[in-house]
Amino acid sequence: IKCKAAVAWEAGKPLSLEEVEVAPPKAHEVRIKIVATAVCHTDAYTLSGADPEGCFPVILGHEGAGIVESVGEGVTKVKPGDTVIPLYIPQCGECKFCKNPKTNLCQKIRITQGKGLMPDGTSRFTCKGKQIYHFMGTSTFSEYTVVADISVAKIDAAAPLDKVCLLGCGISTGYGAAVNTAKVEPGSTCAVFGLGGVGLAVIMGCKIAGASRIIGIDLNKDKYAKAKEFGATECISPEDFKKPIQEVLVEMTDGGVDYSFECIGNVGVMRAALEACHKGWGVSVIVGVAAAGQEISTRPFQLVTGRTWKGTAFGGWKSVDNVPKLVTDYMSKKIKVDEFVTHTLPFDRINEAFELMHKGK
């Protein structure tokens, strides 16, 4: 199939709208017509050239939704016409990770996915005679994409794809960080560092879990109104205080918060989030992805005295099983999705979407 795709030819340059050729799906692969895609900081991080795993030229994008166009040999879970969300964390159901209820990190195609290739070690994209790499096993910045059959979730056909595409990463990640990873309890106090899409989803999860106090922390005060709409009880900026933000939070909450979440990817903020937790039982979850090679630090005494440091990927959801349920929860108004959409742009204005994201809009 010939179609349009936003190709990243090299690091640090804007995406280029090109005609690409998308090969048919091979065995255990699915070709999807992408109807809607969102942009995420992870795409921008790879595009910037800072990602050591980044390969170019590449078709980025990992928050998408669409319709199955065709399937390769041996595919049984989906058929042409099915409504689906591509998954950057697959679920094969067979590896030791999939069999363990404690994790969602399926490893079946991790090596090839990290190299920008399909499980057989090749690409399905060509442009101007050149092979183009895949990204995160999804490559949703193309009108058609090919994914492994273990990297696709069949969802309710009535779901609006320009909304539920966000369940492919950001919303599911933040919401799951609160309800799966932290297991926020009713009546608890929470602090959420970073009020972008993921931070708002964490706030939503804390509220649904019954937290009584949810403190949002961000330098950008334009984000406070939205955070309160999602359930934040108050919002503060570290710039408004002379002392470190963790000390401010410890004072505000009589010893610290029960749960904190770092949704930025800043190692200094990760430390502050841990140290803002209550002695004896506080849990801090790292949700943001820090740049390559960076390290976290704190005094071991913080952990010795009963704080727990955790991390989460895709909110701990086993993807094939849970993404359809998250769509159902949205359709039955249990979780918000529409409210996360700030701008809807045509595909050829994708670079503008990145500009808006970088401006915090």
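Which residues does the UniProt annotation "domain: Alcohol dehydrogenase-like N-terminal" cover? According to that unreviewed entry, the annotation covers residues 27-155. UniProt positions follow the numbering used here, feature names are shortened, and annotations may be inferred rather than shown by experiment.

The structure is a predicted model, in which local features need pLDDT of at least 70 and side-chain atom pairs count only at pLDDT 80 or more, while totals for chains, interfaces and linings use all residues. Residues are numbered from 1 along each chain as its sequence is written, and side-chain values use heavy atoms, with hydrogens and water left out.

The two annotated spans are set out below; helices (H or I, at least four residues) and strands (E, at least two) are DSSP runs, numbered from the N terminus.

| Span | Helix | Strand | Distance between end C-alpha atoms |
|---|---|---|---|
| Residues 27-155 | 13% helix | 29% strand | 22 Å |
| Residues 197-325 | 37% helix | 16% strand | 20 Å |

**Domain interface**

The protein is divided into domain 1 (2-168 + 318-359) and domain 2 (174-312), with bounds that come from an automatic or database domain assignment. Taken over C-alpha atoms, the centres of domain 1 and domain 2 are 29 Å apart. Nine residues of domain 1 contact twelve residues of domain 2, where contact means heavy atoms within 4.5 Å.

About 870 Å² is buried between domain 1 and domain 2, and carbon and sulfur atoms give 72% of this area. Buried area is the accessible area (1.4 Å probe) that two parts lose on being put together, summed over both. In domain 1, the residues losing the most area to domain 2 are Lys336, Glu339 and Phe340, together 50% of what that side buries.

Zero salt bridges are counted between domain 1 and domain 2; the criterion is a side-chain nitrogen of Lys or Arg within 4 Å of a carboxyl oxygen of Asp or Glu.

**Backbone features**

The peptide bond from Phe56 to Pro57 is cis, with omega near -5°. Pro57 lies in the loop between helix 1 (41-48) and strand 4 (63-71). Asp254, a residue other than glycine, has a positive phi, near 55°, and is placed in the loop between helix 8 (245-252) and strand 13 (259-262). Most residues other than glycine have a negative phi, and most peptide bonds are trans.
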